[in-house]
Amino acid sequence: MSDFPVLAEPREGVPPVVASPEALRHTCQALQNGHGPVAIDTERAHGFRYNPRAYLIQLRREGSGTHLVDPVSLGETNGLKPLADALAGTQWILHAATQDMPCLAMDGLRPDDLFDTELAGRLLGLPRVGLGSMVEHYCGVTLLKEHSASDWSRRPLPHDWLVYAALDVELLNDVREKVIADLQEAGKDEWARQEFAHLVMMAAELPSEEPGVDASRWRRISHIGNVHSRAGLQLAHDLWLARENLAHDLDIAPGRLLRDDAIDHARGVSPKKYPPFREYSSAIPHPRSWERHHPEEAARWAAVRPAVNEVAADHDVPPENLCTPAWLRQFAWQPPHDLSIAGVDAFFADLGARPWQRGILASLLSEVMAEL
């Protein structure tokens with residue numbers, strides 16, 4: 001249990017749910033009359049629905065208070081356009097923005113500017129960067145998280161759920177202000193600016209419509225590594241795809257139709273009873289297989305990975321925030337012909353690395369490769 005006092009109620013109480021065009025107009029006017037950045041959060045229905053949409057959008061701005069918007073009730077075409085217009089030109093405060101941006105984009109909401117408190121915490125090297133942990137660290141209170149995994153597609157939403165939802169944006173601006181001071185003290189405010197600008201660019205490219213079934217995700221089946229025969233892989237693939245398509249059509253979480261461990265039983269299928277699996281992919285294999293089949297690539301991986309981990313620790317930042325694992329695998333698998341600092345810098349620039357990352361990686365990896 002936390003030693004911090006529990007924040008049990010929003011300071012102005014729980015606002016009514018905005019579920020009509022008229023109520024939305026009042027909310028938009030209030031937001032426009034406020035000042036400063038806008039704290040935003042969403043509630044989805046993970047584990048209950050296939051659709052990744054937002055079932056509640058929480059907003060808070062100084063001078064405006066907190067607003068709970070029901071995008072389902074306002075779901076006709078351009079139903080949230082007034083809200084998008086009201087937010088234009090404001091800075092959004094999000095916690096773990098990549099989780100909220102896709103569902104907000106589905107409702108036509110994209111930031112012109114943003115501040116991600118979770119990402120900022122990562123850049124600062126904080127040991128725990130969940131919203132609750134950062135609120136405790138910076139504000140000295142505890143947020144209750146008992147409804148984070150609830151079915152937010154339920155209607156009507158219970159009062160205690162609305163309390164929880166409102167509290168998620170209650171202190172985001174307080175956290176932001178204190179994080180900004182820490183970023184400046186650590187000399188990482190420019191790092192954060194570049195990261196947030198990248199997130200805004202990502203948001204601009206997100207689709208407005210509900211995503212369909214991504215057939216490439218089938219290999220994420222739990223324990224798929226236990227399936228070794230080609231026939232078993234083919235059966236697992238076909239079961240997964242059939243499950244996903246039906247779950248998509250019914251808007252229900254796939255695991256509620258068929259659990260992954262049931263698909264995993266495909267490991268016992270006989271090749272005589274099922275055709276062999278045929279999948280052609282240009283994806284880079286997992287590094288654990290390199291030593292046996294790709295010794296040169298394995299040697300590069302064994303050199304560059306610990307080097308990146310070490311320099312990330314020196315800068316007090318998680319390795320995955322300095323260099324995403326996919327970038328590092330690609331570098332070890334097929335490095336650029338030009339291994340000078342400029343050549344390595346260009347390689348990572350093409351992958352989308354930000355200047356602060358390239359400034360560290362280019363000289364580091366150029367030197368590591370020269371020693372191989």
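Q: Where does Pro156 sit?
A: Pro156 is in the loop between β8 (142-143) and α6. This is a predicted model, by the way.

Q: And what's the peptide bond from Arg155 to Pro156 like, cis or trans?
A: That one is cis, with omega near -5°.

Q: OK, on to the sheet. What's the strand order?
A: The order is β2-β5-β4-β3-β6-β7, six strands in an open sheet with mixed pairing.

Q: Which are the edge strands?
A: β2 (17-18) and β7 (113-116) are the edges, and each of them pairs on one side only.

Q: Which helix packs on the sheet, touching β2, β3, β4 and β5?
A: Helix α6, residues 159-170, packs there. The direction of α6 makes about 45° with that of β4.

Q: Let's stay with β4. How do β4 and β5 pair, parallel or antiparallel?
A: Antiparallel, over five bridges, with β4 covering residues 56-62 and β5 covering residues 65-69.

Q: Which residue in β5 stands opposite Ile57?
A: Val69 is the one facing Ile57. Another pair across these strands is Leu59 with His67 as its bridge partner in β5.

Q: What about the hairpin of β4 and β5, how many residues lie between the strands?
A: Two, and in that hairpin Gly63 takes a positive phi near 80°.

Q: How many bridges join β3 to β4?
A: Seven, and β3 and β4 run antiparallel too. As an example of a facing pair, Asp41 stands opposite Gln58 in β4.

Q: Is β4 mostly covered or mostly open, and how many of its residues are buried?
A: Mostly covered: six of the seven residues of β4 are buried.

Q: Switching to helices. At what angle do α5 and α7 pack?
A: At about 70°, with the axes 10 Å apart; α5 is residues 131-139 and α7 is residues 172-186. That angle makes α5 roughly perpendicular to α7.

Q: Left-handed or right-handed crossing?
A: α5 passes α7 in a left-handed crossing.

Q: Which residues make the contact?
A: From α5 they are Leu131, Met134, Val135, Tyr138 and Cys139. α7 brings in Leu172, Asp174, Val175, Lys178, Val179 and Asp182.

Q: And by class, how many are nonpolar, polar and charged?
A: The contact of α5 with α7 has eight nonpolar residues, three charged ones and no polar ones.

Q: What about Asp316, what's its phi?
A: Asp316 has a positive phi of about 55°, although it is not a glycine. Asp316 is found in the loop between α13 (295-314) and α14 (319-322).

Q: How does Asp316 count, buried or partly exposed?
A: Partly exposed: the relative accessible area of Asp316 is 42%.

Q: Last bit, the whole chain. How many helices and strands are there?
A: The protein chain has 17 helices and eight strands.

Q: What box do the C-alpha atoms fill?
A: Roughly 65 × 55 × 45 Å, taken along the principal axes.

Q: And what percentage of the residues count as buried?
A: Of the 372 residues of the protein chain, 47% are buried.

Q: What share of the contacts with a separation of 6 or more comes from residues 24 or more positions apart?
A: Those account for 69% of such contacts in the protein chain.

Methods: Residues numbered from 1 in each chain as written. Predicted model: local features only at pLDDT ≥ 70, side-chain atom pairs only at ≥ 80, totals over all residues. Heavy atoms only, no water. Pairing = 2+ DSSP bridges. Helix = DSSP H or I, 4+ residues; strand = E, 2+ residues; numbered from the N terminus. Contact = heavy atoms within 4.5 Å. Axes fitted to C-alpha atoms, helices over the stretch in contact; angles between N-to-C directions. Parallel < 35°, antiparallel > 145°, perpendicular 65-115°, else oblique. Left-handed = near helix turned anticlockwise from the far one by under 90°. Nonpolar A, V, L, I, M, F, W, Y, C, P; charged D, E, K, R; others polar. Buried < 20%, exposed > 50% of the residue type's maximum accessible area, 1.4 Å probe, protein only.
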